[in-house]
Amino acid sequence: MARRIFLAAVWHETNGFSPIPTGLDAFRRYQWVQGPELLAHYRCTNTELGGAIAAAEARGVELVPAFSAWAVPAGLVTREAFATLRSMLAEAAAAAGPLDGALLVLHGAMAAEGEPEADAVLLETLQGALPTGLPLAATFDNHANLGPRMAAAADYLVGYDTFPHVDMGERGGEALRLLAGLAGGAQHPARVLLQLPMLTVPQTQPTGEAPMKAIMERVHALEAEAGIVCASAALGFAYVDGEHAGMALLGHAVPEAADRLEAGLEGIARELWAVREVFRPGLIPVEEAVARAVAAPRGPVVLVEPADNVGGGAPGDGTALLAALLAADADAAIVMWDPAAAARARAAGPGSHFAGPVGGSAPDLHGPAVHVEGTVTFAGNLAYARSGPYMTGQRVELGPSAVVRAGRLDILLTSERCMPFDRDHLDVAGIRPEEKKMLVAKSGGAWRAAFAAIAAEALYVDTPGVCSSNLARLRFEGAARDRWPLGGGDTLSLRRTRLPPRA
């Protein structure tokens, strides 16, 4: 008889400084699939779910699909939404029938009203709804904030190895294979978690560049040692002001190799601490960045705006760069989240004149609205399947959208917030990014998955916003104030958690 494994996903990266609350409707608008449809929806996609489905089908494992609920990163998940998601998870597990294991896809940096460690709570909820000792695994984005509660709640936690993220399918497949092994009688692993007192930002974290390239090579070398099953480096998400926020290292090993695993992880932790100054971000003032891009011999020059990083929970409607590009009559493309402006431009239709305010829904955080005049060149409902390496095949709906051309500047107005991890949204709207002198990426580092291959240069711009790379701009009130680079001393103080096998 085929082994039966429960499969569900609840995914959100929460920015505690964002003014946009995340209600249940935010999950329904982005990725919401229930029941057997989940398998058809995610099969052959480069997502954790897609990788798990492929691995299960290759091994003759029967998946019991529950639901998938994802929301675009934003502010705290509302109390009501989180209660609903917990209930759905518990009820689906209770109704699943006999099971041999369970796999839960998480982000790892979700926070809800009253629940700063929401991912750990979800794992504990699932654990409580399943028979005692049933094998349990989860995947996490490597921007997760890992704490002891989350590490204790599953046999395996498998994190991405890449940023920009391109290995989601591989990690989902890995988690499924490990879980199937436990269901088949494999030894349950001991777990070791080391938490570093460090906050780093996406701008400095790409795993193909220093310092993370060397760190990931050490992680992979550790994984290759006898008795060590898997290891992950969690880069952390600095925009949740919680006790568990920050960089961490997590590994799984047979109990006899736990000492060696901890020693290996500690060596990596000490290397991270030794090179911590490399994680300080370099930012360029707006006017200087635009002037440098205008003067560049060729394009496209990517003007990266980490403070308005949609993939990190920012609104995507910051106006500092928009105003500067308009003033310079720049040959550029920028995406702005503004449902009202998008609706006006869409109603006017292609060829029509557009005039009105754009952006700045929270002026004190992202700048005031900017008056824009131009011609509508595209109007329609913007929808596509991702074709790039990030979440390949995932369906995206940006709602009623329009492009307004103001001089040489193309402004794509969207009703849903757009994470610039692919180029499809520009292509569908008629903007050819390789033909523009400048591209604005409201992103931290994940923009590289879409635009690194065509970028002549990248300039990181210092604008105001809830996802600023300059952490001193933000009002941390909790434990983050005592962590590098905001506080703390020069001596590394590791928080160690060592857990025996669950079963």
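The structure, a predicted model, holds four aromatic pairs. Rings of Phe, Tyr and Trp (its six-membered ring) are paired if their centres lie within 6.5 Å, and planes under 30 degrees apart count as stacked, over 60 as edge-to-face and the rest as tilted.

Phe237 and Tyr239 are both buried, where buried means under 20% relative accessible area, exposed over 50% and partly exposed in between, with a 1.4 Å probe and protein chains only. Tyr390 lies in the loop between strand S13 (370–385) and strand S14 (395–406), and Phe421 in the loop between strand S15 (409–414) and helix H14 (424–428), so their pair ties together parts that are 31 residues apart in sequence. Helices (H or I, at least four residues) and strands (E, at least two) are DSSP runs, numbered from the N terminus. Tyr390 counts as buried at 4% relative accessibility, and Phe421 is buried with a relative accessible area of 6%.

A ring also takes part in another arrangement: the charged end of Arg276 sits over the ring of Trp273, 4.1 Å from its centre. The criterion is that NZ of Lys or CZ of Arg is within 6 Å of the ring centre and within 35 degrees of the ring normal.

Residues are numbered from 1 along each chain as its sequence is written. Local features of this predicted model need pLDDT of at least 70, and side-chain atom pairs count only at pLDDT 80 or more, while totals for chains, interfaces and linings use all residues; side-chain values use heavy atoms, with hydrogens and water left out.

In soluble globular proteins, nonpolar side chains tend to be buried together. Here, the largest nonpolar core has 66 residues, and Leu7 and Trp70 have the most contacts inside it. Such a core is a set of buried Ala, Val, Leu, Ile, Met, Phe, Trp, Tyr and Cys residues joined through side-chain atoms within 4.5 Å. Helix H7 (residues 168–183) contributes the largest share of this core, seven residues. Apart from this core lies another, of 48 residues, among them Ala8, Val77, Phe82 and Val121. Beyond its neighbours within four places in sequence, Leu7 is in contact with residues including Leu38, Ile53, Phe67 and Leu103; contact means heavy atoms within 4.5 Å.

Helix H12 (residues 339–348) has Ala341, Ala342 and Ala345 as its buried residues. These cover an arc of only 100 degrees around the axis, which puts them on the same side of H12; the arc is that of the directions from the helix axis to the C-beta atoms. The buried residues of H12 pack against strand S12 (353–358), S13, S14 and S15. Gly349, whose phi is positive, near 90 degrees, follows H12.

Thr497 is placed in strand S18 (residues 495–499) and is buried, with a relative accessible area of 16%. Leaving out residues up to four places away in sequence, Thr497 touches Pro148, Arg191, Val192 and Leu193.

Overall, the secondary structure comes to 15 helices and 18 strands. The radius of gyration of the protein is 22 Å, close to the 23 Å that the globule rule gives for 503 residues, so the protein is as compact as a globular protein of that length. This radius is taken over C-alpha atoms, and the rule is 2.2 Å times the number of residues to the power 0.38. Buried residues make up 62% of the 503 residues.
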